[in-house]
Amino acid sequence: MKRTLLLTTLLGSAAVAGAYKLPEQSLNSMALGAAYVAHTTEADTAYFNPANMAFMGDKQYFDGALTLIHLPSTTYTLIEPYSGESEEENIVTPTMHYVSNPIGNWRWGVSMTVPGGLTKRWDTAYQKLYAEEFTLKNVELNPVFSYKVNEKFAVGGGIRVVYSEGVVKSDGGDIAPLKRHMEGDTLEFGYNLAMTYRPTDDINIAVTYRSNIDLKEEGEANIWFGDVGKQYSADVTVPLPAALNIAISKTWDETFTLEFNYERTYWSSYKYLDFNYGEPLANDLLVEKFDDPIDKHWKDTNTFRIGATMVLNKITFMMGFALDETPVPDKTIGFELPDSDAKIFSMGFRYQQTEALSWGAAFLWDSKESRSLTPGVAENEVLSYGGSFDGGGAYLTTVGISYAF
Amino acid sequence: MERTVIRGVMVASLLWLSGCGSSDLSQPANETVIGGEVVVDLDGKSIKYSLLEQGVPGVDENTTVYGYKAYKIPYTTTDEEGNEVAVSGLMVIPTGVPDVVKQLGFSVVSDSHGTIFANKEAPTQIALDTSSPDGAPVILTSLTAFVTLQADYIGFGDSFGHYHPFVLKRSLANATVDFIEAARKFAADNNIPLNGQLFLTGYSEGGYAAMAALEKIEAEGSMQVTLAAPMAGPYALDAMAQGVLFSDTLGVPSFMADVAYAYANAYNRPLTELINEPYASKLPTLFDGLYTREEIDPELTTVTSGEDGLFTSAVVENYFNDPEYWFKEAMLDNDTYQWAPQTPVRLIHCQGDDVIPYAISELTEGTMQAMDAADVALVPVEATLAAYGMGDGSLLGHAECAAPAYGLTAQIFSGIREATIGY
């Protein structure tokens, strides 16, 4: 099987929205905290609401951005020796979008994005057994189309082609003589749908839907008991969940736009983390730690976003705020993703250099709440003792360029 | 095809973006050795934790437990027919030992394993399948710092597919002695320090194999054995056979069926001379190394002989009435008790043994002493342990006796090693 190791610094991504989904995929969406569905203006429209392509100007659009994601460490606090601290991460993700000229009432576009991902690494004894490294890298190619039904209504949709790589490392170290290193990849397909209704010139109402994609990471797992390792064929499936966005925007004097966005993410499709191997693992201890399905039973989440855009001559200012629920219940929380509810703050600008060219920068802070665990609730052997997670979250800095011709 | 093309495009796009190469997840880099492979390597701390979790008697927080490193070693031996056979064995060494032990070198215990039927029960196969310590080497190596040798025997491990010469002394002795020689060479090639001291033991069929090995070693003068402590072995096969054939029922029919199967093969006789149909036709499949005793026994009958029995009526009649009957002569030919060892021998046996009667070891002790053996003594396990304050002297059956018998034997070997080697 083809096994591709990609530079984490380029294609890894991380949990910056609830769990491991990453909604922000361009300069504008970063600046607006992803409150960017009803009122979209650049080539990233192809990704966030392809129906809106129908209302764009009679030219081609290109948009590219680079985002630096800084993930501070997460601290788990209990009595020694159970406490631990995860590694800091710095990741760069590229995104690109293109929207074609209209062809009658039709139009097409394409996006290459990083729609989700996760990197969590622990180097402390008890945490390493569960997540010495847990990395999920995704890249999505999303060709889309739009159809203008009339001047007020358009629909769109596309095919989601997601290539994903997963790396899982677990190391019992001084706790247990077990170690695992799994690498897998997969290519999966899904779809997305969109519609926009413009009752007036300054109001947009939009609904978008991105389908669930189960990422079945298939590859090999090296598993050691003591100092003797064996290689197994292996796979594990994690979902890239479906998401429904309902958004409305209002623009005043072609200058100030406010957008409200509600997102429902269907994380309940994530029921188990279940590693499968081509043959039975060598002994009961390995089966218990590395083979038995791990309950997840995540819950669907709500995210509420608001974004504001102010166009001032050549400079456009943007800012956003969001309340983001975690899908991870106390019962099934784990070290690979100690997620919690978050508040998201964002801001950015775009400078119109020429009629065709604009560029800008954005910054987003994903502020995770501390999470205290009640003893006896979590299924994880260590987390069942209770304790708390602090820190985490993310700082994202994006620079981007757009070109219309 | 379409998915492959799209995947190729995606991967190419990613590589273009990342500028990075690709590679497969390489096989685990296990330690390489000359003439074998590492199949288990576990530190003493992990083994100690496991023993404490299991509540193994005599093991507590203060117990010294050494690491367990096992090698599968291929070698060649000779079968009953005189053919060379590629076989395998397990060599287990203690790790994490004090430097003084390494300087003085390891003493070796050749431990011949008990009766098995399935290849997955063979020492090297268990180690390969589980990567875990198993059985007697935990006592002999991790708790008492001996190097333990366990030949798989012909029919198991690398010679899977060959019939197993069950209680046939020549090939069992060959497999045992040839493995000792192969292990010594392996140790020399891989800088494992051995001090030359050798003990022999084994339980049940292994006790028989250990005695057969000692007889071969003394006959050939090829190596020096410090002490042999065979445990609960059927040394007097003729006496055992008489007892079984005289009984109306068989406690464990697979044992006697395997004797018949192995002897018919080794002596080139039709199996139907010994075993009634439909059992005779079943045995080649039942003893093909894929089935365990628990799977085999229900396929057989517990009636010893007669029309509905396992053995033909002719076997019983001939065995008791014809002194030249080939099966009786074969049993006598494979007895391992009618000789006079010049090596010290301790016959370890539980008085409550319900499979191999204690009387077999009494007979062996008496016979060997009568034949001027140098130093043969019978050690009743229950009474000896009770004398040391371990256990209440209650009688133990064949299966229950194995663990305490190994514990007692390990103590006997350790005492001699301490007196002679110094640790």
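In the predicted model described here, Val167(B) is found in the loop between β6 (147-151) and α6 of chain B, where helices (H or I, at least four residues) and strands (E, at least two) are DSSP runs numbered from the N terminus. Phi of Val167(B) is near 40°, a positive value in a residue other than glycine. Val167(B) counts as buried because it has 26 C-beta neighbours inside 10 Å; a residue is termed buried if 20 or more other C-beta atoms lie within 10 Å of its own, exposed if 12 or fewer, and partly exposed in between, with C-beta atoms placed from the backbone. In chain A, Glu254(A) also has a positive phi, near 55°, and is found in the loop between β13 and β14 (256-265), but Glu254(A) counts as exposed because it has 9 C-beta neighbours inside 10 Å. Most residues other than glycine have a negative phi, and most peptide bonds are trans. A cis peptide bond, with omega about 10°, joins Glu277(B) and Pro278(B), and Pro278(B) is found in the loop between α9 (253-266) and α10 (279-286) of chain B. A cis peptide bond with omega about 10° joins Glu80(A) and Pro81(A), with Pro81(A) placed in the loop between β2 and β3 of chain A.

Residues are numbered from 1 along each chain as its sequence is written, while chains are lettered from A and ligands numbered from 1 in the order in which they are written. Since the model is predicted, local features need pLDDT of at least 70 and side-chain atom pairs count only at pLDDT 80 or more, whereas totals for chains, interfaces and linings use all residues. For the complex, the predictor gives an ipTM of 0.82 and a pTM of 0.84. Chain B averages a pLDDT (the predictor's confidence in each residue, from 0 to 100) of 93, and 95% of the residues score at least 70. Over residues 15-23 of chain B, however, pLDDT stays under 50, and the model has 16 contacts beyond four places in sequence for this stretch. Where pLDDT is low, the predicted coordinates should not be read in detail.

Chain B is divided into domain 1 (32-235 + 337-420) and domain 2 (238-333), with bounds that come from an automatic or database domain assignment. The C-alpha centres of these two domains of chain B lie 28 Å apart. Across the boundary, 19 residues of domain 1 are in contact with 18 residues of domain 2, a contact being two C-beta atoms, placed from the backbone, within 7 Å.

The largest nonpolar core has 172 residues, and those with the most contacts inside it include Ala70(B), Met91(B), Ala183(B) and Ile275(B); such a core is a set of buried Ala, Val, Leu, Ile, Met, Phe, Trp, Tyr and Cys residues joined through C-beta atoms within 7 Å. Helix α6 (residues 169-189) of chain B supplies the largest share of this core, 10 residues, and the core draws at least three residues from each of domain 1 and domain 2 of chain B. Leaving aside neighbours within four places in sequence, Met91(B) is in contact with Ala70(B), Tyr71(B), Ile73(B), Val147(B), Leu149(B), Ala183(B) and Phe186(B). Apart from this core lies another, of 39 residues, among them Leu27(A), Met53(A), Ala194(A) and Leu396(A).

Chain B also contains an open sheet of 10 strands with mixed pairing, in the order β1-β2-β3-β4-β6-β5-β7-β8-β9-β10, two strands being paired if DSSP finds at least two bridges between them. Strands β1 (32-33) and β10 (376-380) of chain B stand at the edges with a single partner strand each, so one side of each is left without a neighbour in the sheet. Two bridges join β1(B) to the antiparallel strand β2 (residues 36-42) of chain B, and Thr32(B) stands opposite Glu37(B) in β2(B).

Strand β9 (residues 178-200) of chain A runs antiparallel to β10(A) and is joined to it by seven bridges, with a hairpin connecting β9(A) to β10(A) through two residues. The bridge partner of Tyr197(A) in β10(A) is Ile205(A). Strand β13 (residues 243-252) of chain A pairs with β10(A) in the antiparallel sense over eight bridges, and there the bridge partner of Thr208(A) is Asn245(A).
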